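User: I've got a model open and I'd like to talk it through. Can you take my questions one at a time?

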Amino acid sequence: VQLQASGGGLVQAGGSLRLSCAASTRAFRNYAMGWFRQAPGKERAFVAAIAWNGDVTYYVESVKGRFTISRDNARNTLYLQMNSLEPEDTAVYYCGAAGITSTNLYDYAYWGQGTQVTVSS
(Lines give C-alpha, C1' and ligand atoms only; values in the text may rest on other atoms or scores of the structure.)
Protein backbone atom coordinates (compact mmCIF):
# COMPACT_ATOMS: atom_id res chain seq x y z
CA VAL A 1 0.00 0.00 0.00
CA GLN A 2 1.44 3.35 -1.03
CA LEU A 3 0.34 6.32 1.06
CA GLN A 4 0.54 10.01 0.18
CA ALA A 5 0.05 12.54 2.96
CA SER A 6 -0.90 16.14 2.27
CA GLY A 7 -2.52 19.19 3.81
CA GLY A 8 0.20 20.47 6.09
CA GLY A 9 1.22 24.10 6.27
CA LEU A 10 1.86 27.12 8.44
CA VAL A 11 -0.97 28.24 10.71
CA GLN A 12 -1.33 30.54 13.69
CA ALA A 13 -2.12 29.17 17.13
CA GLY A 14 -5.84 28.54 17.44
CA GLY A 15 -6.18 27.79 13.74
CA SER A 16 -7.18 24.62 11.92
CA LEU A 17 -5.79 22.29 9.29
CA ARG A 18 -7.06 19.10 7.70
CA LEU A 19 -4.53 16.47 6.74
CA SER A 20 -5.30 13.85 4.11
CA CYS A 21 -3.65 10.53 3.36
CA ALA A 22 -4.49 8.98 0.00
CA ALA A 23 -3.88 5.27 -0.54
CA SER A 24 -2.94 3.78 -3.89
CA THR A 25 -5.16 0.73 -3.61
CA ARG A 26 -8.63 -0.39 -2.52
CA ALA A 27 -6.83 -2.66 -0.07
CA PHE A 28 -6.86 0.49 2.08
CA ARG A 29 -10.23 -0.62 3.46
CA ASN A 30 -8.64 -3.74 4.96
CA TYR A 31 -6.20 -1.79 7.11
CA ALA A 32 -6.44 0.09 10.34
CA MET A 33 -4.87 3.51 9.92
CA GLY A 34 -3.05 5.94 12.12
CA TRP A 35 -1.41 9.33 12.33
CA PHE A 36 1.92 9.87 14.02
CA ARG A 37 4.08 12.96 14.33
CA GLN A 38 7.75 13.69 14.76
CA ALA A 39 9.02 16.96 16.15
CA PRO A 40 12.66 18.01 15.65
CA GLY A 41 14.96 15.98 17.87
CA LYS A 42 12.16 13.71 19.07
CA GLU A 43 10.93 10.21 18.33
CA ARG A 44 7.94 9.58 16.08
CA ALA A 45 4.91 9.60 18.38
CA PHE A 46 1.33 8.37 18.17
CA VAL A 47 -1.43 10.90 17.52
CA ALA A 48 -4.58 9.02 16.46
CA ALA A 49 -5.74 5.69 15.05
CA ILE A 50 -8.90 4.36 13.45
CA ALA A 51 -10.19 0.85 12.79
CA TRP A 52 -10.68 -0.43 9.25
CA ASN A 53 -14.42 0.38 9.40
CA GLY A 54 -14.12 3.55 11.46
CA ASP A 55 -15.91 2.06 14.47
CA VAL A 56 -13.00 2.46 16.88
CA THR A 57 -10.73 5.45 17.32
CA TYR A 58 -7.85 6.20 19.68
CA TYR A 59 -6.19 9.52 20.47
CA VAL A 60 -3.19 10.63 22.44
CA GLU A 61 -4.41 12.59 25.45
CA SER A 62 -2.94 15.90 24.30
CA VAL A 63 -5.12 16.06 21.18
CA LYS A 64 -8.42 14.75 22.55
CA GLY A 65 -11.22 17.23 21.86
CA ARG A 66 -9.11 19.07 19.27
CA PHE A 67 -8.27 16.47 16.59
CA THR A 68 -10.61 14.09 14.78
CA ILE A 69 -9.48 11.11 12.74
CA SER A 70 -11.78 9.78 10.03
CA ARG A 71 -11.67 7.76 6.86
CA ASP A 72 -13.54 7.39 3.58
CA ASN A 73 -13.06 3.86 2.32
CA ALA A 74 -14.84 4.66 -0.94
CA ARG A 75 -12.16 7.29 -1.66
CA ASN A 76 -9.26 5.32 -0.12
CA THR A 77 -8.48 8.33 2.03
CA LEU A 78 -7.68 8.97 5.68
CA TYR A 79 -8.16 12.37 7.32
CA LEU A 80 -7.04 14.23 10.41
CA GLN A 81 -9.02 17.34 11.26
CA MET A 82 -6.92 19.48 13.58
CA ASN A 83 -8.57 22.37 15.43
CA SER A 84 -7.33 24.74 18.13
CA LEU A 85 -3.78 24.12 17.05
CA GLU A 86 -0.97 24.88 19.47
CA PRO A 87 2.73 25.53 18.86
CA GLU A 88 3.41 22.17 20.52
CA ASP A 89 1.62 20.49 17.60
CA THR A 90 4.43 21.55 15.26
CA ALA A 91 5.88 18.41 13.67
CA VAL A 92 6.04 16.33 10.55
CA TYR A 93 2.85 14.25 10.43
CA TYR A 94 2.92 10.73 9.02
CA CYS A 95 0.07 8.41 8.13
CA GLY A 96 0.48 4.67 8.49
CA ALA A 97 -1.39 1.44 7.74
CA ALA A 98 -1.52 -1.48 10.16
CA GLY A 99 -3.14 -4.88 10.48
CA ILE A 100 -4.67 -3.94 13.82
CA THR A 101 -5.95 -0.71 15.38
CA SER A 102 -2.92 0.29 17.33
CA THR A 103 -1.11 3.10 19.11
CA ASN A 104 2.20 1.28 18.66
CA LEU A 105 4.52 2.58 15.97
CA TYR A 106 5.90 -0.91 15.30
CA ASP A 107 2.52 -2.32 14.32
CA TYR A 108 2.47 -0.13 11.22
CA ALA A 109 3.73 -1.78 8.03
CA TYR A 110 3.26 1.06 5.56
CA TRP A 111 4.00 4.79 5.88
CA GLY A 112 3.37 7.92 3.91
CA GLN A 113 6.13 10.43 3.30
CA GLY A 114 5.07 12.98 5.90
CA THR A 115 3.63 16.48 5.76
CA GLN A 116 4.96 19.43 7.77
CA VAL A 117 2.66 21.23 10.19
CA THR A 118 3.98 24.44 11.72
CA VAL A 119 1.97 26.36 14.31
CA SER A 120 3.16 29.85 15.13
CA SER A 121 2.46 31.51 18.48
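User: Which residue does the disulfide join to C21?

Analyst: Quick caveat: this is a predicted model, where local features need pLDDT of at least 70 and side-chain atom pairs count only at pLDDT 80 or more, while totals for chains, interfaces and linings use all residues. Residues are numbered from 1 along each chain as its sequence is written, and side-chain values use heavy atoms, with hydrogens and water left out. A disulfide here is a pair of cysteine sulfur atoms within 2.5 Å. The S to S distance is 2.1 Å, and the partner of C21 is C95.

User: How many residues apart in sequence are the parts that this pair ties together?

Analyst: The disulfide joins C21 to C95. C21 sits in strand β3 (residues 17-23) and C95 in strand β9 (residues 91-98), so the parts being tied together are apart in sequence by 74 residues.

User: Are C21 and C95 buried or exposed?

Analyst: Buried means under 20% relative accessible area, exposed means over 50%, and partly exposed is in between (1.4 Å probe, protein chains only). The link of C21 and C95 is right-handed, with 70 degrees about the S-S bond. On the accessibility scale, both C21 and C95 are buried.

User: What does the secondary structure of the protein chain come to?

Analyst: Helices (H or I, at least four residues) and strands (E, at least two) are DSSP runs, numbered from the N terminus. The tally is zero helices and 11 strands.

User: What is the radius of gyration of the protein chain?

Analyst: It's taken over C-alpha atoms, and the globule rule is 2.2 Å times the number of residues to the power 0.38. For 121 residues that rule gives 14 Å, and the chain comes out close to it, so it is as compact as a globular protein of that length; its radius of gyration is 13 Å.

User: Where is N76, the residue with phi near 55 degrees?

Analyst: Most residues other than glycine have a negative phi. N76 has a positive one, and at 13% relative accessibility N76 counts as buried. Its place is the loop between β7 (67-72) and β8 (77-82).

User: And what is the relative accessible area of S84?

Analyst: S84 also has a positive phi, near 50 degrees, and is found in the loop between β8 and β9. S84 counts as partly exposed, with a relative accessible area of 41%.
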